[in-house]
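Biologist: I am new to this structure and would like to learn how to read it. Could you take me through a few features, beginning with the general idea each time?

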Amino acid sequence: MNAAGASPAVSGEVLRVIAGPAAGTDIPLGHDVSIGRAVQGPGALGGDEELSRAHARVVLRGDGAYLLEDLGSTNGTYLNGWRIPASQLLSTGDRIQVGQTVLEVVLAPDPQHTVMRRRPVILAGTPDAEELRTPRSQATLYVSGVRKSYGDFEVLKGVDLEIEPGEVAGLLGHNGAGKTTFVSCVAGLRRTDSGTILVNGVDAVAEPLKARQHLGIAPQDLGIYPTLTVRGNLELFGELGGLRGREVAKRAAEVGEALSLTPKFDAAAGTLSGGQQRRLHTGMAIVCKPALLILDEPTVGADIRTRQEILDLVKGLAEEGHAVCYSTHYLPEIEQLGASVALLQGGAIIARGSIAELVAMNSTQVVELTFDGPAPEISVRGGEVVCDGPVLRISTDNAATMAAAALGQLGGHTMRLRNIELVRPSLDSIYLTLTEQRYSSEEPGAGGSADGDRDAPIVSGAALQNSGVNFSRP
């Protein structure tokens, strides 16, 4: 049965089985399809013993787009070689692997772009980069050519970025890439040297106060008012964002409930646990439901429960149509959010796209061997070998086979081998392919800049209170 309000079936839209016991058959779409050994309907693939009884599901959304979901399967559901941690939008040409079965997605063309597919990949310097960008009229955040220097040190070197309504964009980059400076410029905490920033259609450079009415920000540094109650913190920032009377009280209660803070509503914020303070910090930024939400390391130092509650809240806001810029050092969060990716390196966005599209474009697997001392130089067939200090990286199409071959070439160097890792298609492998560096999952220390930018002094609390924006920083 179709999802509630879903579009009618489109002729020719199918899941084409190209490998596995049912190869050569088509599973028609146009409705929700469950896949497994013991499901009802055309997705029942009893001949594949590696499938779970109910393995995965393709869901037809109301706008005609399709989502792929794993149903808690034993072996996982893979999209273009990537094991999905959360539901993902599908596009024509995608390959779904469940057990021994591989299905190719065949969808009808959408010349008017009425159906939201995945964000295409934009690589810096490619001729079609500008054509693939979201038009400024359709973006909640539109940034073009933004530059920012501190003295002679140029941190941002022409940043381009758009975030659409309902999109979570993961802003990724190594320390010093410019993430904190970038979000500070978007929020109006620092002036740009040049470039365009539009927030919900408002020119944030020419009219910063007006633009700030459309955004909320939760910086990495914890920013609650410890002597105010939880309720007082939330209502204060609700009022700063324009809420009044019953409306501000109702919204504060909703945020408190969503972040499990209701039992502490009348307690002073300074008496909360670290995880509760982190939840409150984020809640203060979203209490006004801004069109654009900027979260800079929102789960740093958070416990498991806090991390999950923040992620659930972010996903809920995106489903309501809010745009979210989400900066983190913890890549699994980006995957779990189903976020698109903006990779910031050297002061510019070098890659932009959905994870599934980036995986499909950069699906090379990597074998990474770490040694005590310099990595040895070896040669293996079918793999590209790079030595980086104590690390030996081999790019390949089959990580397991290549690992065995590499171990056989080490000889006496085997005694110096300290670690071997198979980096399969994932957001981590994409980052490694595009930057030739692993992305650090270590959480930055409290109180420091998330990206090590040579930033100006932190803006004072008084300045933030007078700015007219929904900030979560004292």
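Modeller: Gladly. Let us begin with burial: buried means under 20% relative accessible area, exposed over 50%, and partly exposed in between (1.4 Å probe, protein chains only). By that scale K289 is partly exposed, because its relative accessible area is 34%. Please keep in mind that this is a predicted model, where local features need pLDDT of at least 70 and side-chain atom pairs count only at pLDDT 80 or more, while totals for chains, interfaces and linings use all residues. Residues are numbered from 1 along each chain as its sequence is written, and side-chain values use heavy atoms, with hydrogens and water left out.

Biologist: Thanks! What does K289 form a salt bridge with?

Modeller: A salt bridge is a side-chain nitrogen of Lys or Arg within 4 Å of a carboxyl oxygen of Asp or Glu. K289 pairs with E320, and their closest N and O atoms are 3.4 Å apart. This pair links distant parts of the chain, 31 residues apart: E320 is in the loop between α7 (304-319) and β19 (323-327), and K289 in the loop between α6 (274-286) and β18 (292-296). Those labels follow DSSP runs, numbered from the N terminus: helices are H or I with at least four residues, strands are E with at least two.

Biologist: How many salt bridges are there by this rule?

Modeller: The count comes to 23. One of them joins R119 to E167, with the closest N and O atoms 2.7 Å apart. R119 lies in the loop between β10 (101-106) and β11 (122-123), and E167 in the loop between β13 (153-163) and β14 (168-172), 48 residues apart. R119 counts as buried because its relative accessibility is 9%, and E167 is buried too, at 8%. Both belong to a network of salt bridges that also links E130, R133, D160, E162, E164 and R352.

Biologist: Are R393 and E368 buried or exposed?

Modeller: Both are buried. They form a salt bridge as well, the closest N and O atoms being 2.7 Å apart. Here the link runs between strands, with R393 in β24 (residues 391-396) and E368 in β22 (residues 365-371), 25 residues apart.

Biologist: Which residues touch the most other members of the largest nonpolar core?

Modeller: A nonpolar core is a set of buried Ala, Val, Leu, Ile, Met, Phe, Trp, Tyr and Cys residues joined through side-chain atoms within 4.5 Å. The largest has 73 residues, and L15, I96, L280 and Y326 touch the most other members. Helix α7 gives the most to this core, with 6 residues. A second, separate core of 32 residues includes Y150, V183, L292 and A342.

Biologist: How should I read a helix with a buried side?

Modeller: An α-helix has 3.6 residues a turn, so residues three or four places apart point the same way. In α10 (residues 399-409), the buried residues are A399, M402, A403 and A406. Seen down the axis, they fall within an arc of 105 degrees, so they line one face of the helix. That arc is taken from the directions from the helix axis to the C-beta atoms. These buried residues pack against β22, β24 and β25, where contact means heavy atoms within 4.5 Å.

Biologist: What does the face turned away from the buried side of α10 carry?

Modeller: That face carries the exposed residues T401, A404 and G408. Just after α10, G411 takes a positive phi of about 55 degrees.
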